[in-house]
Amino acid sequence: MAKRKRRGSSATPSDPPVRRGLIGPKRTVPAGIPRPPYAATGDPGPSVSSPVRTPEEIAAMRRAGAAAAEILILAADHVAPGVTTDEIDALVHEATIARGGYPSPLGYRGFPKSVCTSVNEIICHGIPDSRPLADGDIVNVDVTIYLDGVHGDTSATVMVGDVDEDSERLVRATHASLYAAIDVVEPGVPLSAIGKVIEPHARRAGLSVVREFIGHGIGTEFHTSIQIPHYHEPRLRTPMEEGMTFTIEPMLNLGTRHLHVWDDDWTAATDDGCRSAQFEHTLLVTHDGVDILTVTGDGTCAHDRYATALTETRG
């Protein structure tokens, strides 16, 4: 889940545009599952945790990250024409509980579901509902699990059936921009270097970068004080430190970067109706570089599986 910060091209708007469906009841979590502090009230309060994790917290975050990666693969495998985003929510909810975790989005600032599902021109924070996915859609599935006292956060944009070439280009470039940004992460590098890589990468692909939603610090809190813009902000001189954990989650659009939020106070959509894509990992700054925490025990993730499918689609 992105942290909100602040409102191109002549690409064609999605047709038909996404219309909200019916939102089902909030799913329940067994009493024995440990909950994050905000679960009761929805209010996470101000960030008070250190930006640098302890060795014990890092070990827990590796477990939470691996669990999040497993759940995202399950969810992405379930994506198909006719499947509703509420069905994806049910799968993510049950898979999270089965691993002894709490679905971090559930109740966070009042969010009513256990995962974010953002279809086509929805940039982020889409609420799962009764709308069935259609052939040609793209959908971002954003999974976060609270496990062993920490959060693991990851997302991928998945193609539904046979998508158009512009959507493939968008998804491929967004995926590549994330990994280009990961490559610059190491101690001493300013946090602004992340956006400095992503923004020109997007521009070369004819895409715009969303500015209102950004990456964030993560650990014992869902969102810590670290902010990660995906555009170049030269005033952000904070250096990366060994032990820092944060997300990089670029949101790139086929058309304008400008957006509006639906009256549910969550669903962010592009102003021109053109499509948006996002990929996300939780990362750890190490003594000599970076570790991706949101991968399974064998080092795989939904990103690799569904990005590879892009290159195979056209042959």
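## Terms and model

Strands, marked E, are DSSP runs of at least two residues and are numbered from the N terminus, as are helices. The model described here is predicted.

## Backbone features in the loops

Asparagine 120 sits in the loop that links β3 (116-119) and β4 (122-124). Its phi is near 55 degrees, which is a positive value in a residue other than glycine. Asparagine 120 has a relative accessible area of 2% and is buried, because buried means under 20% relative accessible area.

With a relative accessible area of 4%, histidine 125 is buried. Most residues other than glycine have a negative phi, and most peptide bonds are trans.

A cis peptide bond runs from aspartate 15 to proline 16, with omega near 0 degrees. Proline 16 belongs to the loop between β1 (3-4) and α1 (55-78).

## The second largest pocket

How many residues line the second largest pocket? The lining consists of 19 residues, and those nearest the centre of the pocket are Pro13, Ser14, Asp15, Asp164 and Arg275.

The volume of the second largest pocket is about 290 Å³. Sorted by class, its lining holds 8 charged, 6 nonpolar and 5 polar residues.

Valine 209 is part of strand β7, which covers residues 208-209. Its relative accessibility is 7%, so valine 209 counts as buried.

Apart from neighbours within four places in sequence, valine 209 is in contact with Glu199, Ala202, His230, Tyr231, Met251, Leu252 and Arg257. Valine 209 and proline 229 are separated by 20 residues in sequence, and their C-alpha atoms are 9.7 Å apart.

## A sheet of three strands

An open sheet of 3 strands is arranged in the order β10-β15-β16, and its pairing is antiparallel. The edges are formed by β10 (245-248) and β16 (289-292); each has a single partner strand, so one side of each lacks a neighbour in the sheet. On average, neighbouring strands of this sheet are turned by 40 degrees against each other, direction ignored.

β10 and β15 (residues 281-286) run antiparallel and are joined by 4 bridges. Which residue of β15 is the bridge partner of threonine 245? That partner is leucine 284.

How values were computed
Residues numbered from 1 in each chain as written. Predicted model: local features only at pLDDT ≥ 70, side-chain atom pairs only at ≥ 80, totals over all residues. Heavy atoms only, no water. 1 Å grid on protein atoms, 1.4 Å probe; cavity = no way out; pocket = protein on both sides within 12 Å on 5 of 7 lines; lining within 4 Å. Points joined across faces, edges and corners; volume = space filled by probe spheres on them. Nonpolar A, V, L, I, M, F, W, Y, C, P; charged D, E, K, R; others polar. Buried < 20%, exposed > 50% of the residue type's maximum accessible area, 1.4 Å probe, protein only. Contact = heavy atoms within 4.5 Å. Pairing = 2+ DSSP bridges. Axes fitted to C-alpha atoms, helices over the stretch in contact; angles between N-to-C directions.
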